[in-house]
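Hi,

Here is the structure I promised to pass on.

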Amino acid sequence: MTAGVEQAGVPEATPKAGAARLLRPALGFLLPVALALFWEIAVRMGLSNGRLVPPPSVIWNTFSDLAATGELQQHALATLWRVACGFVFGVMAGTIFGAITGYSALTHRVVDPTLQALRSIPSIAWVPLFILWFGIFEASKIILIAVGVFFPVYLGVMGAVMSVDRKIVEVGRVFRLSGLAMVRRILLPAVMPAYVIALRAGLGLGWMFVVAAEFLGASTGLGFLLIDGQQLGKPAQIVAAIVAFAILGKASDWLIVLVSSPFLRWEDRFART
Amino acid sequence: MLVLDRVGKTYPNGVRALDGISLAVAPGEILVTIGGSGCGKSTMLRTVSGLDPPTQGRVVLDGTIINAPHEKIGIVFQEPRLLPWLRVADNVGFGLEEFPKTERRLRVAGALDRVGLTDKARVWPRELSGGQAQRVAIARALVPRPEVLLLDEPFSALDAFTRADLQDHLLDLWADLKPTLVMVTHDVDEAIVLADRVMVMRAHPGRVYEEIACDLPRPRDRQSAAFDFVKRRVLAALDRSLDRAVATADEGETRAAAGGGLWW
């Protein structure tokens, strides 16, 4: 009965939203396309030889050449795989530690200062140690990425749990929710918006750390393409790899937003349209 | 029968918020507690709710000592405290998790109909007005059919018109199942519109100062002479309760009590 009300509202809204839905993302392309066009024209007109900053057409050619040989896919997949693994481990650890330190004041006092100290260590500083500990293959890279993902997720979850409104928790107490029900029905939904932001921040760092990891002794991955391009003097390949990073990073971020949006429709946002 | 037996509350920092409150509320009775700010009226309500159990004495409902939230006791807070991630209907049904789905749906639909918000069932709490949200909160508290409903200044954040509207509405809802109502307010008119008995409290520490029976026939006319008569009695009792606090308190507390006297 109640579901019918919602369904009835949908067909009305669609035609109006249709045009806007196509137009709005297009606005985001305006600036990069304009810049690319400007540079292409500048190089064609001979204002620059474009050797160190290759014009879009050259990058596109490099891109499609790499794609044609399957190299691009191979490197992109290798990188994607590392980020995915590191992300999963980092998120798991960050969520667990963040939830515990956010919930228990004692654990917070014992564990948080150490973690905060570890957080201030620059990512690259870990690399030699991780290579000694975990070898030069995948394990050390994935762990480095997981470390990068861990801290923003840890901080975000801890902050979110600590700032859950006491008044809302009291509603749970009035209805005599058990510990587990309190987590599932009150705490989890309450921290969800902050959690999604933490995940996005973590993923961003994951993409940063994968490059650091791949700079150091990798034979595959987009980071390897960067180093390879530098050593062999192929700026177009470097830019192509950078563009690939941008696309993958944006796409993965968008994926988080997309997956989480059904859980966050209740949010009273500052700008909803 | 809800009984408070010499209930006292001392906070860990040594502040004595309640001292020896003894009180019996008959089933279906509407007891309204009124008093200057800081007189412990909200603290008393929280001890009854089981959220903050008393440090001395005990709260007993039908022979059961209340030390934690109890299924027979519902509470409405000053703020609606709706869960923003649940639609209105799910908020109303929040306390019915253990009920079968059909029963839950029936009760929620009935309650929403009773508070006049059937058309808002699928709406998010952010889309409600203050008065609507508080109606949802009342429906949520009533839907498990508690024997005692506690109300902690539930209408104080609303405008005068909405407040009067919700007071009448609360009486309608009360007439359905006749739960015991214990309400805290700082609005004398509200107390007299609703109460069978008005309890005036006094601060430092919180004590029962005076009880005034209020047996006007319902619905009560806010303009009638009888209403005015009871109102004068309550106001006079309030005045006396504040004066005495001033007379016996030391200087720091005097200022607080004098400030508290300005609330109406």
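Below is what I found, starting with some housekeeping and then going through the chains.

First, this is a predicted model, so to speak of local features we need pLDDT of at least 70, and side-chain atom pairs count only at pLDDT 80 or more, while totals for chains, interfaces and linings use all residues. Residues are numbered from 1 along each chain as its sequence is written, and chains are lettered from A and ligands numbered from 1 in the order in which they are written.

Chain A has 10 helices and zero strands. (Helices are DSSP runs of H or I with at least four residues, strands are runs of E with at least two, and both are numbered from the N terminus.) How does its radius of gyration sit against the globule rule? It comes to 23 Å, well over the 19 Å that the rule gives for 273 residues, so chain A is more spread out than a compact globule. (The radius is taken over C-alpha atoms, and the rule is 2.2 Å times the number of residues to the power 0.38.) Along the principal axes, the C-alpha atoms of chain A fill a box of roughly 75 × 60 × 30 Å. As for burial, 31% of the 273 residues in chain A count as buried, that is, with 20 or more other C-beta atoms within 10 Å of their own, the C-beta atoms being placed from the backbone.

Helix H8 of chain A (residues 179–215) is worth a look. With 37 residues, a straight helix would span 54 Å at 1.5 Å a residue, but H8 spans only 46 Å between its end C-alpha atoms. (The expected span is 1.5 Å times one less than the number of residues.) H8(A) bends by about 50 degrees at Met192(A), and Pro193(A), a proline, follows within four residues. (The bend is the angle between axes fitted to the seven residues ending there and the seven starting there.) After H8(A) comes Gly217(A), with a positive phi near 70 degrees.

Now the two chains together. 14 residues of chain A are in contact with 17 residues of chain B, contact meaning C-beta atoms, placed from the backbone, within 7 Å. On the chain A side, helices H1 (2–44) and H7 (166–174) are the elements that give two or more residues. H7(A) gives the most, with six residues.

Finally, confidence. The model scores ipTM 0.85 and pTM 0.78. Over residues 247–264 of chain B, though, pLDDT stays under 50.

Cheers

Conventions
Buried ≥ 20, exposed ≤ 12 C-beta atoms within 10 Å, placed from the backbone. pLDDT = per-residue confidence, 0-100. Contact = placed C-beta atoms within 7 Å.
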